Amino acid sequence: SLWAGVERIVGNATLPQPLCRMVDPGLTEGMVEWVVGHALRHHLGMDRHIVNPGRVWDPTCPPLARERPVAMLGTGELGLACARALSALNFPVTGWSRTPKQIDGIPCLHGPDGLARALSTAQIVVTLMPRTPETENTLNARTLSLLPKGAVILNPGRGALIDDDALLAALDSGQVAHATLDVFRVEPLPQDHPFWSHPGVTVTPHIAADTRASSASRVIAENIRRGEVGEPFLNLVDRVRGY
């Protein structure tokens with residue numbers, strides 16, 4: 001696959017050969033930059049100053065990064081890279097995955113109880129999980145209600161990880177202050193979708209990360225070499241798990 005996500009391929013019974021997902025340094029770097037950039041945007045309250053038609057002088061300072069907990073939902077290749085980058089900026093990052101993981105320097109939780117704990121303190125939530133039947137609507141009315149009021153959502157993972165209607169309701173109530181969304185259930189996002197016009201939503205057009213030929217071609221060439229000499233493939237997909 002030329003992309004990190006393989007949900008459109010993995011269930012295709014006509015493709016019995018080994019399937020490898022793309023783990024590309026350029027793709028990872030792009031994702032880290034998008035996540036860090038939008039996390040800092042919301043952490044620093046940049047919108048208040050960039051869009052200030054009333055010329056309001058508000059000298060309120062943001063908290064320090066170490067006072068802004070982040071929940072990284074998904075600790076695979078991309079989630080881990082983003083978690084480490086945010087942690088390097090002193091954000092207290094908690095990783096969450098469906099199954100147990102141990103990562104040096106990043107406290108990790110897992111399962112339904114762990115998700116509740118991770119969300120209960122998170123002022124910024126990043127969703128970077130694959131799309132599977134188990135991950136669909138991970139953020140729904142119940143789980144969004146666990147967040148501290150005024151939390152921010154960043155979703156560069158998969159559109160189906162969030163229940164759209166539940167997110168809109170949480171935005172309208174103020175439970176969620178803002179959602180920056182890069183991925184959607186239908187792409188391009190339909191012109192009449194309420195995300196376009198909602199003041200609490202930023203839409204970016206699936207640009208958080210891209211597969212760049214200059215770096216991805218090396219990954220592909222290495223896997224071709226491995227296949228020809230019988231060595232284990234890189235980033236082999238588990239077709240049962242779906243990623």
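The following dialogue goes through a predicted model and asks what stands behind the terms used for it.

Trainee: How do you know that the radius of gyration agrees with a compact globule?

Mentor: For 243 residues, a compact globule would have a radius of gyration near 18 Å, and the protein has 19 Å, so the value agrees. The C-alpha trace spans about 65 × 40 × 40 Å along its principal axes. As for burial, 44% of the 243 residues count as buried. Among contacts with a separation of 6 or more, 63% are between residues 24 or more positions apart.

Trainee: What makes Cys 61 count as exposed or buried?

Mentor: Exposed means over 50% relative accessible area. Cys 61 has 65% relative accessibility, so Cys 61 counts as exposed.

Trainee: And why is Cys 108 called partly exposed?

Mentor: Buried requires under 20% and exposed requires over 50%. Cys 108 is at 22% relative accessibility, which lies in between, and therefore counts as partly exposed.

Trainee: How do you know that Cys 108 is in no disulfide?

Mentor: A disulfide needs two cysteine sulfur atoms within 2.5 Å. The nearest cysteine sulfur to that of Cys 108 belongs to Cys 82 and is 14 Å away, so Cys 108 is in no disulfide. The structure as a whole holds zero disulfides.

Trainee: Which residues of helix α4 are buried?

Mentor: In α4, residues 111–121, the buried ones are Gly 111, Gly 114, Leu 115, Ala 118 and Leu 119.

Trainee: What puts these residues on the same side of α4?

Mentor: Around the helix axis they cover an arc of only 130 degrees, and so they lie on the same side of α4. The face turned away from that buried side carries the exposed residues Pro 112, Asp 113 and Arg 117.

Trainee: What covers the buried residues of α4?

Mentor: The cover includes the strands β1 (70–73), β2 (93–97), β3 (108–110) and β4 (124–127), together with helix α5 (141–144).

Trainee: Why is strand β6 called largely enclosed?

Mentor: β6 covers residues 176–181, and five of its six residues are buried, so β6 is largely enclosed by the rest of the structure.

Trainee: Which strands pair with β6, and in what sense?

Mentor: Strand β5 (residues 151–155) pairs with β6 in the parallel sense over five bridges. Strand β7 (residues 201–203) also pairs with β6 in the parallel sense, over three bridges. Another partner in β6 is Ala 179, which is bridged to Ile 153.

Trainee: What makes β5 mostly covered?

Mentor: Five of the five residues of β5 are buried. Ala 151, Ile 153 and Asn 155 point one way, Val 152 and Leu 154 point the other way, and all are buried. In a regular strand the side chains alternate between the two faces of the sheet. β5 is also joined to β4, in parallel, by three bridges, with Ile 124 opposite Val 152.

Trainee: What do β5, helix α6 and β6 make?

Mentor: With α6 spanning residues 164–173, these elements make a right-handed β-α-β unit.

Trainee: Where is Leu 234 found, and what does Leu 234 touch?

Mentor: Leu 234 is found in the segment after α7 (213–229). Not counting residues up to four places away in sequence, Leu 234 touches Cys 20, Glu 222, Asn 223 and Arg 226. From Leu 234 to Val 23 there are 211 residues in sequence, with 8.6 Å from C-alpha to C-alpha. Leu 234 has a relative accessible area of 28%, between the 20% and 50% limits, and is therefore partly exposed.

Key: Residues numbered from 1 in each chain as written. Predicted model: local features only at pLDDT ≥ 70, side-chain atom pairs only at ≥ 80, totals over all residues. Heavy atoms only, no water. Buried < 20%, exposed > 50% of the residue type's maximum accessible area, 1.4 Å probe, protein only. Helix = DSSP H or I, 4+ residues; strand = E, 2+ residues; numbered from the N terminus. Arc of directions from axis to C-beta. Contact = heavy atoms within 4.5 Å. Pairing = 2+ DSSP bridges. Right-handed = clockwise from strand over helix to strand, strands pointing away. Rg over C-alpha atoms; globule rule 2.2 N^0.38 Å.
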